[in-house]
Amino acid sequence: MDEKPEGHTDGIHKEDQGKPVEVEEMHSLNISKDDVNKLEEGNKEDKDDKHVEQGERMNKDGDLDSKAQEEVNQTTREDLAEEEQEPVFDGTEVPGMQANRSSSTRSLDPDPEEEGSVWPEKAVALKNFVKEKGAAVTSVLRRLSLKRDGVEQANVDVDKDTSDSAKLGEQAAMSPRTAERSAWNPLNYIKVSRDTDSESKAEQGKNIIEESLLPIATKGRIILYTRLGCRDCREARLFLQRKRLRYVEINIDVYPSRKLEIEKVSGSCAVPKVFLNEVLIGGLSELKGLDESGKLDEKIDFFISEAPSPEAPLPPLPGEDDVSDNGPVDELAVIVQKMKATIVVKDRLYKMRRFTNCFLGSEAVDFLSEDQYLEREEAVEFGQKLASEHFFRHVLDENLFEDGDHLYRFLDHDPTVSSQCHNIPRGIIELKPKPIAEIASRLRFLSYAIFEAYASEDGRHVDYRSIHGSEEFARYLRIVQELQRVKVQDMPREEKLAFFINLYNMMAIHAILAWGHPAGPLERRKLFGDF
């Protein structure tokens, strides 16, 4: 009689603790507690069986959609409503309970005040009990439905209602297993493997393409004689490139002395002419005939492992047929070189500014009057003649040349010339300037020969690597040194325009070979603005 149901003592008589209770009331209350315990055990088994069957059915189905979950929640709410109406679960009663209840009620026969104070408290206790069990059942169902997806619900406070517990369950953090499962996707591995395979295949294909474009390594040497504007010469170049054969081209317009060489060997100066080591293959028609008969492959296999003999034609030699270094010596240039070695060249202040590598006009007049045995006025006139030939200039271009404290710089000491001009690597040349028409003609032939020999078939790409090591580019560097002190004022407009267009095209190649290809707009601007 004194034992209380475990976990539910406070929910039955919190307000009446410490008050005397009649024996009849305790007897009636004891009957109700026994009935509740029996109901709890019976309905709990029914509920557990029901939920176990539902869990098994959900595991068999594999995936429970939102509609099925709503039906389960609706069923739970209906059960809770029925439990609130009657103090039983699922509408079932323990046999004999109604009789016991009526007999106990008749035997006790409480007063109306006592009946109104006791039975509402019993109803509240049963309602709380049903809420607790309903929340527990809902939690079990949710775990069964979400266990398949690896989601574990957080512990929900049983004092809150079912809707609050459902919201908290949805906002619970994902378990490590869920995160791991979401991160692990077999399709990702398949995709990664496909990407890896595609990348490896692309690299292999790229390597194969690069290997297919590389020339065949040979010990022998192929010499191809050509000339400017020759269509057969162009076809011969393309034929050798398709065969992946490295060759040395000799343009007889650039190297006139080689005409005698091919005429002596073949009896004619007609081009193209192809030599495999010392063996003359012939022109384009002979080259194609050997290829069709299969004999060309035999000759190629032989010359791949055979070094050229001394009788084989040689590649162009440095400075061959080049007149850039030929010509009379300029006496004025010799005097300027001696003057540069004698007077003091240093950094000086002039008009509150500092100028580097400059000399005084008075010191130059002293040197000229002593070296050329001239009076001071005559030395000034001689200095003006040197300045008009662009050997030196005033630092601020205030005058041509005068005696006094004026500052002057030599041409190769000028900051702009020394930093941006690439045709004065060895200082001022000592040869007399050649006529601009002669220099323009040689530059035109050379630029045409370079573009024909080292440009692609469509003319959109240039083989810079081959140009950099060619004799033609070395000759170009020697030609542009002759432009240090040329006079272009007397050239006709058409000739001047053609000269500067050819010079600009060659300067673009020279700039890329010297500074590299520009990677962006800023480097491109620097390349075309500062070179």
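User: How are helices and strands defined here, and how many are there in the protein?
Analyst: Helices (H or I, at least four residues) and strands (E, at least two) are DSSP runs, numbered from the N terminus. The protein has 20 helices and 8 strands. This is a predicted model, where local features need pLDDT of at least 70, side-chain atom pairs count only at pLDDT 80 or more, and totals for chains, interfaces and linings use all residues. Residues are numbered from 1 along each chain as its sequence is written, and side-chain values use heavy atoms, with hydrogens and water left out.

User: What does buried mean, and what share of the protein do buried residues make up?
Analyst: Buried means under 20% relative accessible area, exposed over 50%, and partly exposed in between (1.4 Å probe, protein chains only). Of the 531 residues in the protein, 34% are buried.

User: What counts as a contact, and what share of contacts join residues at least 24 apart?
Analyst: Contact means heavy atoms within 4.5 Å. Take contacts in the protein between residues at least 6 apart in sequence: 69% join residues at least 24 apart.

User: How do I check the span of helix 14?
Analyst: The expected span of a helix is 1.5 Å times one less than its number of residues. Helix 14 (residues 376–388) has 13 residues, so it should span 18 Å; its end C-alpha atoms are 19 Å apart, which agrees.

User: Which residues of helix 14 are buried, and where do they sit around the axis?
Analyst: An arc is that of the directions from the helix axis to the C-beta atoms. In helix 14 the buried residues are Ala379, Val380, Phe382, Gly383, Leu386 and Ala387. Their arc around the axis is only 165 degrees, so they are on the same side of helix 14. Glu377 and Glu381 are exposed, on the face turned away from that buried side.

User: What do the buried residues of helix 14 pack against?
Analyst: They pack against helix 12 (331–342), helix 13 (361–371) and strand 7 (392–394). After helix 14 comes His390, with a positive phi near 65 degrees.

User: Which residues of helix 10 are buried, and which are exposed on the face turned away?
Analyst: Leu284, Leu287 and Leu290 are buried in helix 10 (residues 284–293). Seen down the axis, the buried residues of helix 10 fall within an arc of 130 degrees, so they line one face of the helix. The face turned away carries the exposed residues Ser285 and Glu292. The cover over the buried residues of helix 10 includes helix 8, strand 3, strand 4 (279–282) and helix 11.

User: How do helix 18 and helix 19 cross?
Analyst: Axes are lines fitted to C-alpha atoms, for helices over the stretch in contact, and angles run from 0 to 180 degrees between N-to-C directions. The axes of helix 18 (residues 471–481) and helix 19 (residues 493–515) come within 12 Å and cross at roughly 115 degrees. A crossing is left-handed if the near helix is turned anticlockwise from the far one by less than a right angle, and right-handed if clockwise. This crossing of helix 18 and helix 19 is left-handed.

User: Which residues make the contact, and what are their classes?
Analyst: Helix 18 contributes Phe473, Tyr476, Leu477 and Val480; helix 19 contributes Leu503, Met506, Met507, His510 and Leu513. Ala, Val, Leu, Ile, Met, Phe, Trp, Tyr, Cys and Pro count as nonpolar, Asp, Glu, Lys and Arg as charged, and the others, Gly among them, as polar. By class, the contact has 8 nonpolar, 1 polar and no charged residues.

User: Where does Pro316 lie, and what is it in contact with?
Analyst: Pro316 lies in the loop between helix 11 (295–304) and helix 12. Pro316 is buried, with a relative accessible area of 16%. Neighbours within four places in sequence aside, Pro316 is in contact with Val248, Glu249, Ile250, Tyr255, Arg258 and Glu471. Pro316 and Tyr255 are 61 residues apart in sequence and 8.0 Å apart in space, C-alpha to C-alpha.

User: Which peptide bond is cis, with omega near 5 degrees?
Analyst: The bond from Val271 to Pro272 is cis. Pro272 is in the loop between helix 9 (258–266) and strand 3 (273–276).
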